[in-house]
Structures are given as C-alpha cells and as structure tokens.
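Here's a quick briefing on a protein model, with the structure first and the notes after it. Have a look around before reading on.

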Amino acid sequence: MITITKSKISDLKKIMRYVKKNFYRNHILSKNKKVIKWWYYNNKNKTYNFLLAKKNKKIIGFLGYIKNSHFQNFFFKDVVWFSPLHSLKTERNYFSGIELINRLLNKNKNKIIGTTGCNPMAKKIYSILGFKTGHLNHY
C-alpha cells in the first residue's frame with residue numbers, strides 16, 4: 001500500500017539518496033544540505049516542505065514545495081511553487097504522483113499554486129488536474 005506523508009527531519013538523508021539514485025549522482029539535492037535547507041526548510045514548523053509517497057516505509061516519490069513567504073513576507077497572497085523534480089521513477093505508479101499533487105492542492109486551497117519546467121507527461125497531468133499550462137520561452 002502506498003501512503004502519502006509530510007516529511008520529517010529524519011527523512012532528509014533518505015530524500016537525498018532517492019534523488020541521487022533516481023536522477024543523477026551530482027544533483028544539487030543529492031549532495032548539498034545547505035541548498036535544501038535554504039529552499040525547503042520551514043522554520044515555523046521545523047521541518048522540510050516535502051510530501052513523500054512511501055511503499056513499505058521506502059520512499060518511491062516526493063514532491064517539494066516552496067511558499068513565496070519563505071523568502072519574502074510582503075505578498076498579498078501566498079504562492080506555493082512545487083518542484084518540477086517530483087518523481088516516481090522507481091515505481092511507475094503515476095497515480096501516486098497525482099495523489100502527491102492533490103495532497104498539496106488540498107492543503108493549500110486558498111493559495112495560488114504553480115510550477116516551472118515539466119516534461120510532456122507532467123504537462124498533460126497538470127492540464128487534466130485543471131492547471132493552466134503553456135510554454136515558457138527563455139532567452
């Protein structure tokens with residue numbers, strides 16, 4: 001059975017190993033705790049902003065998210081940015097990926113939710129979930 005949980009401080013090393021194994025060895029999230037803390041650590045709750053998909057207590061996917069208020073508190077409405085790095089590479093169970101996104105949406109009902117950068121499959125899923133999608137040109 002797959003469960004979706006909020007990460008705990010003790011999950012950080014497991015998340016880093018998961019990134020190293022399922023993306024690439026030198027990915028910044030697989031080796032730099034300072035960067036992870038800067039992006040994802042929630043000082044208020046004393047935890048990291050990751051949702052984890054687990055099967056038999058093993059991480060099979062994750063979704064990181066960052067609120068604008070994490071860096072600046074003057075925004076009228078908080079925007080929640082989820083990481084385009086969410087993954088379910090070890091288990092091709094895309095339902096769990098959708099469940100991770102749905103959990104984030106349910107916990108942030110009155111917030112603006114967005115992401116930048118995704119693959120064509122993720123773009124289809126975001127469209128099905130009701131997100132406005134498009135193409136970003138960067139020069």
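On one side of helix α3, K34 and W38 are exposed, while V35, I36 and Y40 of this helix (residues 33-40) are buried. Buried here means under 20% relative accessible area, exposed means over 50%, and partly exposed is in between (1.4 Å probe, protein chains only). Keep in mind that this is a predicted model: local features need pLDDT of at least 70, side-chain atom pairs count only at pLDDT 80 or more, and totals for chains, interfaces and linings use all residues. Residues are numbered from 1 along each chain as its sequence is written, and side-chain values use heavy atoms, with hydrogens and water left out.

**Overall layout**

- The protein has 5 helices and 7 strands; helices (H or I, at least four residues) and strands (E, at least two) are DSSP runs, numbered from the N terminus.
- Reading from the N terminus, the order of elements is β-α-α-α-β-β-β-β-β-α-β-α.
- The protein has 139 residues, and 40% of them count as buried.

- The arc is that of the directions from the helix axis to the C-beta atoms.
- Helix α1 (residues 12-22) has L12, I15, M16, Y18, V19 and N22 as its buried residues. Those residues cover an arc of only 160 degrees around the axis, which puts them on the same side of α1.
- Turned away from that buried side, the other face of α1 carries K13, R17 and K21, which are exposed.
- In helix α5 (residues 120-128), the buried residues are A122, I125 and Y126. They share one side of α5, because their arc around the axis is only 100 degrees.
- The face of α5 turned away from its buried side carries P120, K124 and I128, which are exposed.
- After α5 comes G130, with a positive phi near 95 degrees.

**Positive patch**

- Which residues form the positive surface patch? They are K8, K13, K14, R17 and K33.
- Patch members have over 30% relative accessible area and no salt bridge, with like charges joined within 9 Å (for nonpolar side chains, Val, Leu, Ile, Met, Phe, Trp and Tyr, the limit is 5 Å).
- For the charges, Lys and Arg count as positive and Asp and Glu as negative, while His and the chain ends are not counted. A charge is placed at NZ of Lys, CZ of Arg, CG of Asp or CD of Glu.
- Helix α1 gives the most to the patch, with 3 residues. R17 lies in α1 and is exposed, at a relative accessible area of 53%.

- How many salt bridges does the structure hold? It holds 1, where a salt bridge is a side-chain nitrogen of Lys or Arg within 4 Å of a carboxyl oxygen of Asp or Glu.
- D11 and K54 make that salt bridge, with their closest N and O atoms 3.4 Å apart. D11 lies in the loop between β1 (2-6) and α1, and K54 in strand β4 (residues 50-55), so the pair ties together parts that are 43 residues apart in sequence.
- Both partners count as buried: D11 has 3% relative accessibility, and K54 has 15%.
- K55 also lies in strand β4, but K55 is partly exposed, with a relative accessible area of 31%.
- From K55 to T3, the C-alpha to C-alpha distance is 6.6 Å, though they are 52 residues apart in sequence.

Definitions and conventions:
Areas by Shrake-Rupley, 256 points an atom, 1.4 Å probe, with all protein chains shown as cover.
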